Every structure is written in structure tokens, then in C-alpha cells.
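Let's take a walk through this assembly, chain by chain and contact by contact. Have the model open as you read.

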Amino acid sequence: MRVSLFITCYNDTLFPETGKAVVRVLERLGHTVDFPAGQTCCGQMHWNTGYQEEALPLLRRFVEQFRHAEAVVSPSTSCIAMMKDHYPLMAERLKDEKLKAEVAALLPKVWEFSQFLTQKLGLEDVGAYYPHRVTYHASCHGLRSLHVGDGPMKLLRAVRGIDLVEIENLEQCCGFGGTFAIKNAEVSSAMLAEKVRGVLNTRAEAVTGCDNSCLMHIGGALHRERTGVRPVHIAEILASEEGG
Amino acid sequence: MGAEVVAEGAREEVLRRIRAAIGEGSLADAAEIRGEWQALPRNYKRTASLERAAILEMLEDRLRDYDASVVRVKAGEVGAEIARVLAGRGKRRMVAPKGLAEAIGESLPAGFEFVVDDGLTVAELDTFEGVVTASTVAIAETGTIVLQNVPGQGRRAPTLIPDYHLCVVRAEDVVETVPEAMARLAGTAQLATTFVSGPSATADIEMTRIKGVHGPRFLDVILTE
Amino acid sequence: MSGTALDPTTAPKFQVAAKALIGDSQLRKNVRHATKVIQTKRAKVVGEMPDWEDLRESGMQIRQHTMRHLDYYLEQFERNCRAAGGEVHWARNAEEARQIVVGIVQASGAEGKSPTEVIKIKSMTTEEIQLNKALEAAGIHAYETDLAELIIQLGHDQPSHIVVPALHKNRSQIREIFRREMKLPGVDFSNLGGTPQDLADAARRFLREKFLRVKTAVSGANFLIAETGGVCIVESEGNGRMCLTLPETLISVAGIDKVVPTFQDLEVMLQLLPRSATGERMNPYNSIWTGVDKVSPDGPRAFHVVLMDNARTEILADEEARQTLNCIRCGACQNACPVYQQTGGHAYGSVYAGPIGAILTPQLMEMHHAQSLPYASSLCGACYEVCPVKINIPEVLIHLRNKVVKQQSAGLKLLVNPEVMALKAVALVFRSEGVFRVSQKLGRLGELALSRKDGQGVGWIEWLPGMLGGWTRVRDLRVMPKQTFRQWFEQRGKDAPGRRAGDAVEKADGDGR
């Protein structure tokens with residue numbers, strides 16, 4: 001299959017390793033990855049913060065870049081949730097019938113990375129090896145908007161060598177919430193403190209998930225407290241191989 | 001009572017605002033609205049799925065879950081059971097609605113004082129040790145007993161002020177689900193109706209459930225077959 | 001908290017109030033405990049209903065249908081309630097509602113003399129309009145009879161939850177309040193015990209005398225039944241039944257959103273509400289009555305309903321926010337909300353706290369009084385998941401944020417609001433891939449001054465200026481890697497022209513992760 005990668009703005013800039021890992025996994029599974037060069041951002045930050053007019057042009061850009069894709073894959077639950085939850089409404093707002101039809105045709109082909117593996121490809125074991133103690137953080141958008149369910153856990157369980165430990169309060173938000181972490185820093189910090197306690201209680205070496213924004217948030221506190229626990233996107237675990 | 005305190009023009013103004021807000025929804029006539037209502041999806045459970053015996057067991061179970069006590073008796077044994085339960089509770093002076101004996105199909109037992117409520121004052125009601133009533137419907141799934149202002153059940157105050165309520169429930173009045181109960185009540189929906197699910201309770205302090213605040217603190221149920 | 005009502009027109013911003021409350025460890029402990037207990041109970045009784053999602057769907061659709069024909073159903077309710085001997089009053093706003101209630105109470109006394117006391121059932125609507133203050137000003141004392149409301153009233157406190165208003169207080173705090181404030185001739189509350197049972201018993205003694213004596217009662221309403229003109233109130237303690245049954249005059253204040261089409265519709269609401277609100281299969285008491293009972297006298301001889309708008313029609317007019325009116329006030333969203341769990345209800349500056357408060361308050365009040373509330377959420381979606389009538393609270397929050405931004409962007413404010421400027425600038429960046437590339441480079445440069453390398457040679461930022469400093473108070477931020485993903489992908493294409501699927505890929509080059 002020819003997979004078009006939507007890397008997302010923050011993964012592109014801050015977490016290139018995640019994108020590289022996605023490419024490795026998909027190519028290892030025999031698929032071709034292309035990267036439409038004109039892509040930028042899904043518009044989530046603007047839409048969710050109240051700058052909806054500013055987000056609208058980004059919908060057009062996304063459709064222009066990906067309209068011919070066979071499948072679009074992105075290693076970010078929140079960006080995919082943004083598209084699935086809001087793009088139809090945004091197209092409605094733009095009063096552009098052609099765009100509306102294109103969005104309707106394109107969205108079913110858009111996949112969050114772990115769901116692409118488990119649901120589109122029907123895979124659990126992608127041939128990974130990762131000999132570490134790991135806990136999984138369920139990002140809210142993946143959990144409640146995309147309903148990833150235990151898909152990521154199934155992928156992780158199939159990883160050879162992994163010691164997977166479940167975190168307490170798996171479904172509790174880490175307190176990131178985009179601009180929430182800045183606008184309501186105190187509340188966000190209090191939520192984060194609980195999540196970090198949960199991570200530390202697992203005595204894991206690494207905390208993984210399907211969204212680097214949560215992991216950046218949790219990882220920021222883990223680093224500040226010099227815990228030695230590192231955040232790793234699930235794609236990076238799945239890309240790891242024995243002898244690698 | 002003549003408290004005609006009306007904000008001048010408020011009714012028309014509020015209705016005007018509503019109609020402006022909902023637009024074409026306000027143009028529909030009663031038949032259209034009725035049709036739309038009838039077409040609303042109701043895919044939830046609306047009929048019983050259990051056998052009769054299991055339904056009665058479920059009611060017992062749920063009532064006990066609320067700390068109510070339940071005894072099952074055959075027809076013809078209700079009067080004797082009322083006597084047994086009241087004696088066990090040490091109760092003697094009870095208030096009873098009009099038509100109670102007819103409702104339970106038996107005469108009330110001797111050895112107790114059953115005072116018929118013919119409009120007793122609040123202060124008078126406060127002097128009784130308890131109340132005995134029949135019931136209209138009971139819902140197994142939620143452990144609920146429904147009382148209405150009919151003979152055998154009476155006004156709401158007598159089942160509220162005394163601290164103890166002994167309620168007779170007929171097995172044929174027991175349904176499994178809330179929708180079945182509402183269907184049975186629909187014909188008498190305008191009567192004063194009280195759903196009782198266990199004794200009064202609160203969890204307002206540290207979410208600790210306390211049995212009995214203002215309503216009767218003790219509820220016993222006689223289930224007759 | 002002072003005894004003055006929570007009022008969004010004077011309350012501090014959510015962030016400011018939250019900061020102070022987060023420092024109150026006893027309050028946080030109390031809130032955490034209570035929300036956990038209710039959540040667990042709710043999960044259990046919802047879990048035993050295989051048709052829960054069908055009930056939610058029907059609940060939502062019944063509410064939507066009602067709103068679509070609200071004028072019809074209100075008029076139907078009015079007609080039927082009047083036919084049954086009830087009186088129906090309409091109020092455009094809080095002030096009118098207060099005047100109507102005070103007027104009815106004053107006229108309810110014997111021989112034309114105004115009573116000096118009324119008994120009250122817990123009602124969010126009367127809290128919303130600060131009715132007790134208005135009654136007090138007219139020389140009428142309102143006794144709150146719900147245990148939690150009594151705790152709040154005697155403690156000169158404010159409710160912090162829709163269903164369990166005093167969940168922020170623990171037993172020893174409540175005992176102190178009762179010992180200090182409960183006064184009843186011939187009863188000494190000063191050596192009151194400290195168990196919840198002791199405290200509930202004290203409330204029983206304190207209030208029973210009021211129930212048996214006071215002749216006028218004020219309530220809210222859970223549901224107004226258009227088809228019959230009946231009213232339904234759902235409660236636990238029996239204080240509701242006391243107020244609804246024993247007085248001679250009963251006044252029920254209800255928002256115009258409280259109407260349901262038919263008696264049958266209660267079969268949905270009475271399953272959704274108790275399980276969502278208190279985690280019970282059914283709450284101890286539901287009362288349904290219709291007007292005044294003339295044939296077989298039962299309950300008050302005079303019954304009044306006050307139908308109040310108070311900005312509800314404005315919500316109705318906003319199609320993207322209309323679903324707010326579906327709310328049946330169960331409080332499940334508050335218990336599920338990770339933000340509410342940290343701050344409790346007072347931070348929201350309104351009687352409506354938590355997620356539902358964050359969307360309801362800014363719409364009931366003028367938006368500028370409550371601009372911080374739509375942002376008091378991480379948009380985690382836990383509220384939507386538990387809502388029995390499927391209000392998509394995150395979606396409404398986002399919609400309201402857009403309204404806030406429009407207000408802030410209007411006029412000169414744009415030039416002095418750094419957030420507005422920054423987000424608008426970033427939006428321009430994303431509109432062009434070329435500009436995005438340049439800004440990625442500039443961003444890396446801008447970080448240089450702020451970053452420090454750790455032991456593995458990875459740069460981290462431990463301090464950020466201005467509003468961004470909220471991040472670095474407790475978190476570090478990793479600096480941008482030297483190479484973006486797109487640079488790597490392009491470089492790779494150049495290194496291996498003609499690469500096809502299945503070709504070996506070089507190992508991702510580590511940059512310190």
C-alpha cells in the first residue's frame with residue numbers, strides 16, 4: 001500500500017524520531033511511504049483555542065496535499081481526532097460543497113498510526129524487539145474520540161522482550177490540553193503530578209503512548225524531577241528490532 | 001389563592017424569544033409534533049426479560065440492598081403477617097389509609113390500633129409509631145415501590161411523617177423495568193404519586209450512606225402471591 | 001468563602017481562583033474522595049444496564065425534540081397545570097422571578113400577613129437567581145432543608161457541586177458548623193457527636209420542627225410534564241417530600257428548559273438521572289404531583305410554578321450551543337472532570353461548576369463576566385463520555401472559546417493581547433510550508449539562549465518568559481532537534497534515489513531520545 005505520512009507540525013519540528021520510526025515500521029511491513037511536502041498543521045491548536053477562522057485555511061491545505069492519497073497515516077491521536085471531529089463542520093462553515101465532498105471522501109482514509117496497524121492492517125505483531133520495562137499512557141483523544149481501545153496495548157504486548165506494566169488511572173488526563181497547560185498552568189501541573197506519580201509507581205524505564213504532545217508534557221516533568229524515566233512514542237518501540 | 005403576581009408581558013415576551021430562537025420548529029402543529037415525538041428512537045429495554053419468579057427475587061434482592069426487609073406470604077396470610085411484623089418491631093399504634101383492608105383483601109389483625117387517616121393534622125400524624133399501606137406498582141430492577149393517592153394508599157403525609165412504613169405489595173403489581181411501571185401508571189398519572197426506593201437516605205457527608213434522614217427510617221415489605 | 005453568593009459578575013478569573021484552591025489540601029482531599037466514590041458507584045450501576053447507550057440516545061433525542069418545540073410544550077404544560085388548579089407565572093429574568101416568588105410568599109400568610117419563614121428544597125435554579133437574598137431582604141428567612149444545603153447555609157458557605165453541594169467539607173468541619181450555628185430552643189447541639197449518623201440525626205431534629213410548622217415552601221423542579229401539567233422532583237432524604245406535602249403553599253421555580261413532553265418520557269429520565277447523579281438504581285424518593293388535589297386533598301392547597309427564561313432563550317438561539325439546555329443537572333460531568341477534581345466547585349465562580357458550569361455560566365451570564373471558564377478544561381472528553389443526555393461539552397467549550405476570541409479581538413484589545421497576536425501570527429506561518437520551514441529554523445535559533453545541555457548532550461529549556469512560563473514552572477522542555485523530520489525525509493530521498501517499498505531503511509539516527 002502507498003501510505004501518505006502526515007507528520008504533524010510538532011512532530012516534524014520537535015520529534016523527528018517518531019516520524020522516522022513510522023517510516024521504518026511501515027516500510028518493514030512492505031508499504032511505500034510518501035511525504036507530501038506542502039503539509040504543515042492540522043489546525044487543532046487554533047481551533048481548540050478559539051481561533052477558528054485561522055484554522056479554516058489549514059483544512060484546505062490538508063485536503064490539497066492529501067486528496068489523492070490511498071491512506072493517510074499520522075502518529076498523533078489528537079491531530080487525527082481534530083480532523084475526524086471537526087473537519088466536516090469546518091467544511092460546512094466554509095460553505096464549499098466541493099470541499100465538503102472531498103473531506104467526506106478523504107476522512108475514512110485517514111488513520112492514526114496504531115489504528116492503521118491494528119484496524120486497517122489487522123496486525124498486532126509487527127516484529128519489534130524492545131527489552132525494557134514500559135508503561136502505556138492512553139491519550140484522551142485516542143481513548144474517547146478515536147476509540148483506540150486496547151489496540152496500542154495489543155501492539156505492545158506483541159513486542160518481544162518488553163515488560164509492559166499497566167498504569168493506575170489509565171483513563172485520567174495528564175493535564176496537557178494544548179494551551180490549557182499554559183493558560184491554567186496550576187491546574188495542569190496538579191493533574192500532571194498525579195500522572196507522573198502513576199508513571200513512577202510502575203517503576204517503568206519508559207512511558208509510551210500514541211501522542212507526543214502528552215508525552216512531551218509528562219516527559220517534561222519526568223525530566224525536571226530527574227527521574228530517568230523517558231517518554232517514547234509507540235512508533236519508536238515498534239520500530240526497534242533485535243540487534244538494532 | 002389570589003396571589004396574582006404577574007410580570008407584565010413576560011409570558012408573551014418569553015414565548016416570542018423562544019419562537020425567534022427555534023425558527024421553523026415553532027411553526028409545526030400539534031399533529032406534526034406528535035408525529036415527531038412518536039418517531040423518537042426508544043431502543044432501550046421496555047419489556048420484561050426475566051421469568052416471574054426471577055422478577056420477584058430481583059425485587060426482594062434490590063429492596064434488601066436498600067436495607068428494607070422483605071417477607072413473602074400467600075394470599076390469606078397477609079393479616080397474620082402484618083401482626084407478626086408489627087409485633088416484631090414492637091409497634092402498636094399505626095395510621096392506615098382508608099380502604100386498606102379492601103386493598104389487601106383481608107381484615108387488619110386484632111391487637112393493634114389502626115387509626116384511619118381522615119385528614120389527620122401534621123401534629124397528629126407525628127404521634128404514630130408507623131403506617132401500613134398497600135401499593136400500586138413495584139419495580140424489580142430498581143427496588144422501587146410506587147404509591148398513589150387511592151384507597152389503601154392514601155395521602156402522601158401519612159407515609160412520610162411516622163418513622164416506620166410497612167407496605168404490602170401484590171406479586172401481580174410487580175414489574176421488571178421502569179418503562180413497564182410508567183405504562184401501568186399512565187392512566188392515573190395525575191394522581192399524587194411517590195416512588196419509594198428504600199428508606200430515606202443521604203450521602204451528603206463524605207459520601208457515607210446514612211439511612212433515614214427525614215422520611216421513614218424503617219421500611220418493611222410484605223410481598224403477597 | 002464568604003456568605004455572599006457565587007456571582008460570575010464579581011468572581012475572579014478561574015485561573016486565579018483555582019490557584020488559591022489548589023493550595024487547600026484538605027479541600028482537595030475532600031473533593032477527591034467524594035468524586036471518586038460517586039464515580040465508582042455510577043460506573044457500577046451504569047455497567048449493569050446493557051441498554052445504557054440506547055437510554056442516552058433516547059434521552060438526548062427527547063431533549064432535542066423538546067427544545068425544537070419548546071413554545072408548544074410550555075404552553076401545553078401551562079394549560080394542563082392551570083386546569084389542575086396550579087398557577088403558572090412567567091419570568092423574563094432573575095429579577096422578575098425573585099419578585100414573583102417574594103410576592104407569592106408575602107401573600108401566602110394567614111390574614112394577609114407575610115410569613116417570616118419558608119422551607120426550601122435544594123434547587124440550582126433558585127441558587128442561580130440568589131433567591132434567598134431577595135427573600136431575606138423582604139424579611140423572610142428561607143430554611144434550606146437538604147442536608148448539604150443546610151451545611152452550606154449554616155456555614156455561610158457556597159455550594160460547590162450540583163448534586164452534593166457540600167462535598168468539599170468533611171465530617172469534622174461539618175460538626176464544627178453545626179455546633180456553632182444550630183440553634184433550637186430546648187436542644188443543645190454543642191456536644192454533638194462526629195459521625196455522619198450523628199450529624200444527620202442533628203439535621204433531622206433541627207429541621208423536623210420547621211417541616212411541621214412552616215406553611216410555605218419553595219422548590220425547584222426536575223421535570224415539568226407538558227402532557228399532564230405535572231411536576232416531578234427527585235430526591236433522597238425526604239426533605240423534598242416534606243416541603244412538597246406538608247405546607248399550604250408551594251412555589252416551584254423552574255427554568256423553561258425543564259419541560260418534557262409526556263409522562264412516558266420520565267421512563268427514560270428516571271433511569272438516566274439517578275444512576276448518573278448518585279450512582280443509585282433509583283434515588284429514595286421521586287414525587288410527581290399535578291396542580292392541587294381537589295377530589296382527595298393531598299398536599300398544598302395553593303401551588304405555583306414560575307417559568308423562568310433568564311438567558312435560556314439566548315442559548316436556544318445559538319445552534320451550536322443549544323445542546324447545553326439538554327442538561328438534567330446530574331453532576332456526572334463534575335465527578336468525572338480531572339480539572340474539577342483538582343479545584344472543586346468554587347473556582348468556577350458560579351453555582352454551576354465543573355464542565356457543565358464552564359459552558360452554562362458564560363451563556364447564562366454575559367460572556368465577558370465568565371471569559372475564563374471555557375478555558376477551564378483540558379478538553380479530555382470525560383464529561384461527554386458520562387453525560388446521560390450526550391451533551392458534547394468539549395465541542396460547546398470550543399464554540400464558546402471562539403466567542404471569547406471574537407470579543408477579545410474586537411477593537412484595540414487585539415494590539416495589547418499577546419495571546420491573540422501570537423496565535424494569529426502562528427496561523428499565518430502554517431498557511432505556507434515555506435514560511436513554516438523558515439520559522440522552524442528561527443525557532444531553533446530563538447531557543448539557543450534559553451537551553452542547557454544535559455548529560456546526554458540533549459538541550460532542555462527550564463525557563464520560559466511571560467505566559468509561557470506556566471509550562472516551565474514544573475516541566476522542562478526539550479529543545480528542537482537539529483534536523484526536522486522533513487529535512488531528514490528529503491535528505492534520504494537524495495541519498496537513495498529510486499528507493500522503493502521494501503528496500504532496507506537505514507536505522508533512524510539517534511539524536512538523544
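Predicted model: local features only at pLDDT ≥ 70, side-chain atom pairs only at ≥ 80, totals over all residues.

Residues are numbered from 1 along each chain as its sequence is written, while chains are lettered from A and ligands numbered from 1 in the order in which they are written.

Who touches whom? Two residues are in contact here if their C-beta atoms, placed from the backbone, lie within 7 Å. Of the two pairs of chains in contact, B and C share the most contacts. Chains A and B have no contact at all, and their closest C-alpha atoms are 20 Å apart.

Start with B and C, where 68 residues of chain B meet 83 residues of chain C. Helices (H or I, at least four residues) and strands (E, at least two) are DSSP runs, numbered from the N terminus. On the chain B side, helix 1 (10–22) is among the elements supplying at least two residues, along with helix 2 (30–38) and strand 9 (193–196). Helix 1 of chain B gives the most, at 11 residues. By class, this side of chain B has 37 nonpolar, 17 polar and 14 charged residues; Ala, Val, Leu, Ile, Met, Phe, Trp, Tyr, Cys and Pro count as nonpolar, Asp, Glu, Lys and Arg as charged, and the others, Gly among them, as polar.

Strands also pair between these chains (pairing takes at least two DSSP bridges between two strands). Strand 9 of chain B runs antiparallel to strand 9 (residues 285–290) of chain C, with four bridges. To find the spot, look for Val196(B), whose bridge partner in that chain C strand is Tyr285(C).

Now over to C and A: 55 residues of chain C contact 60 residues of chain A. Helix 18 (393–409) of chain C is one of the helices supplying at least two residues to its side, and helix 18 of chain C gives the most, with five. That side of chain C splits into 29 nonpolar, 12 polar and 14 charged residues.

Finally, chain A itself. An automatic or database domain assignment sets the bounds, giving domain 1 (2–120) and domain 2 (133–239) of chain A. Their centres, taken over C-alpha atoms, are 22 Å apart. The contact takes 26 residues from domain 1 and 22 residues from domain 2 of chain A. Helix 2 (16–28) and helix 5 (77–93) of chain A are among the elements giving two or more residues to the domain 1 side, which has 11 nonpolar, 10 polar and five charged residues.
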